[in-house]
Amino acid sequence: MLNFNFCSPTEFVFGKGRENETGYYVRKYGGSKVLLHYGGGSAVRSGLLDRVKTSLTANGIAFVELGGVKPNPRDTLVYEGIELCRREQVDFILAVGGGSSIDSSKAIAMGVPYEGDFWDFYVTGKQIERAIPVGTVLTIAAAGSEGSGDSVITKEADGLKRGAGSDLIRPRFSVLNPELTCTLPAYQTACGATDIMAHVFERYFTNTTEVEITDRLCEAVLMTMIKETPRVIADPNNYDARANIMWAGMVAHNNIVGVGREQDWNSHGIEHELSALYDCAHGAGLAVIMPAWMEYVCKHDVMRFAQAAVRVWGCKMNFADPEATAHEGIQRFRSFLRSIGMPINFDELGAKKADIPRLVQSFGIGSGETGGFVHLKAEDITKIYEIAAHAAL
Ligand code: NZQ
Ligand code: ZN
């Protein structure tokens with residue numbers, strides 16, 4: 001196991017009706033004037049936003065609003081939010097929604113006290129030194145941004161989707177009420193489930209040995225998702241299944257299952273080019289890319305893929321041909337994704353094979369290499385997109 005620091009300062013406020021306590025937690029973490037930041041309307045339609053406002057008012061907290069965050073959140077709204085917060089002297093940002101609203105909130109939070117362009121944090125590697133505090137009321141189990149120190153934003157003008165990270169932007173608190181996810185369309189539920197599983201796989205495939213505890217934690221989260229996702233697709237109001245998924249989404253990405261081990265993250269980078277170009281859901285892009293990446297890198301450590309196949313997917317180990325077992329596991333992952341309504345190739349996602357050179361160029365590694373588990377060059381990324389383009393069951 002490698003040396004590590006693990007800092008997860010977020011207070012999680014989990015369970016039915018807990019959004020009614022939001023105002024209390026904003027006050028607890030020092031907020032007196034809040035930016036209420038949300039998406040395209042689901043939180044308005046469900047009545048959630050009104051309940052949150054009532055709670056803020058009951059706790060004597062003033063607020064201004066900025067809705068309209070799009071999935072794959074854009075820089076343009078972040079700039080608007082930064083200006084609004086400065087003008088209104090906002091001291092706390094409250095995201096109500098999914099990863100997109102939370103990531104946009106985090107970007108605003110780091111942009112307000114920064115004199116330069118907030119985009120510096122996403123493209124130049126500039127370290128975040130200050131951020132105003134963020135809290136969240138989560139409405140979709142997916143990105144894990146409610147517990148992570150990451151934010152992913154798309155620059156509208158040039159279509160670049162990039163991430164920034166720091167413990168300073170981890171939310172102070174996150175309200176997780178699984179009931180709020182019952183209004184999700186099945187497709188969004190499945191996209192979220194795919195993202196959660198991808199966050200675990202990015203950590204599971206590692207060159208670090210002797211990491212039994214995190215291996216087993218990863219397997220537990222994956223097996224939970226395999227059990228619970230079909231239950232909520234069949235019965236969207238199943239509270240217990242929703243609750244397990246919501247907590248799995250947080251556990252998958254606050255890094256408790258990834259500490260002490262090298263991680264990969266190439267599938268995410270390769271996917272981000274798809275959601276930047278086609279504006280598809282991140283989870284749907286991952287459903288197409290992640291199994292393709294697995295096929296391409298499997299030979300690097302056949303026994304680790306065979307281990308996943310046996311322990312997670314319940315395949316029988318073929319001792320004479322472990323690679324066959326490894327590939328069976330990857331195909332079971334694809335079958336699972338198809339069974340929950342996810343695309344598994346370019347056609348089903350709405351992507352075009354002719355765009356592959358453009359995707360690779362935008363990925364932007366030039367003649368360099370990227371990735372933790374297997375170092376990939378531009379030609380490897382091309383091959384992964386090609387496998388993804390033609391994937392079948
Ligand atoms: O905008 P509204 O109207 O709220 O609709 C949203 C949106 O259309 C809808 N939705 C959310 N909760 C709902 C609901 N509809 C009905 N009922 C509800 N309860 O779902 C759609 C997707 O929402 P979004 O916030 O985009 O989803 P998600 O949480 O998957 O976030 C995706 C973004 O997070 C980034 C992705 O790249 C993508 O931009 N990621 C962020 C990470 C992080 N910060 O740590 C890590 C991830 O790997 C990921 O890259
Ligand atoms: Zn993700």
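**Salt bridges and a pocket in the predicted model**

Glu 11 is partly exposed in this predicted model, with a relative accessible area of 23%. The side chain of Glu 11 meets that of Lys 28 in a salt bridge, with an N to O distance of 2.8 Å. This pair links distant parts of the chain, since Glu 11 belongs to strand 1 (residues 11–14) and Lys 28 to helix 1 (residues 22–28), 17 residues apart. Lys 28 is likewise partly exposed, at a relative accessible area of 44%. By the rule applied here, the count of salt bridges comes to 22.

A further salt bridge joins the side chains of Lys 53 and Glu 65 (2.8 Å, N to O). Because Lys 53 lies in helix 3 (residues 48–58) and Glu 65 in strand 3 (residues 62–66), the pair ties together parts that are 12 residues apart in sequence. Lys 53 is buried, with a relative accessible area of 19%, whereas Glu 65 is partly exposed at 34%.

Within helix 8, Glu 219 and Arg 216 are three residues apart, about one turn of the helix, and their side chains form a salt bridge of 3.2 Å, N to O. Glu 219 is buried, with a relative accessible area of 3%, while Arg 216 counts as partly exposed at 42%. Both residues take part in a network of salt bridges that also links Glu 212 and Arg 311.

The second largest pocket has a volume of about 170 Å³. Helix 8 (212–234) and helix 9 (239–253) are the elements that give two or more residues to its lining. Among the lining residues are Leu 217, Thr 224, Asn 244 and Trp 247, and the lining as a whole divides into seven nonpolar, two polar and no charged residues.

Technical notes
Residues numbered from 1 in each chain as written. Chains lettered and ligands numbered in written order. Predicted model: local features only at pLDDT ≥ 70, side-chain atom pairs only at ≥ 80, totals over all residues. Heavy atoms only, no water. 1 Å grid on protein atoms, 1.4 Å probe; cavity = no way out; pocket = protein on both sides within 12 Å on 5 of 7 lines; lining within 4 Å. Points joined across faces, edges and corners; volume = space filled by probe spheres on them. Helix = DSSP H or I, 4+ residues; strand = E, 2+ residues; numbered from the N terminus. Nonpolar A, V, L, I, M, F, W, Y, C, P; charged D, E, K, R; others polar. Salt bridge = Lys/Arg side-chain N within 4 Å of Asp/Glu carboxyl O. Buried < 20%, exposed > 50% of the residue type's maximum accessible area, 1.4 Å probe, protein only.
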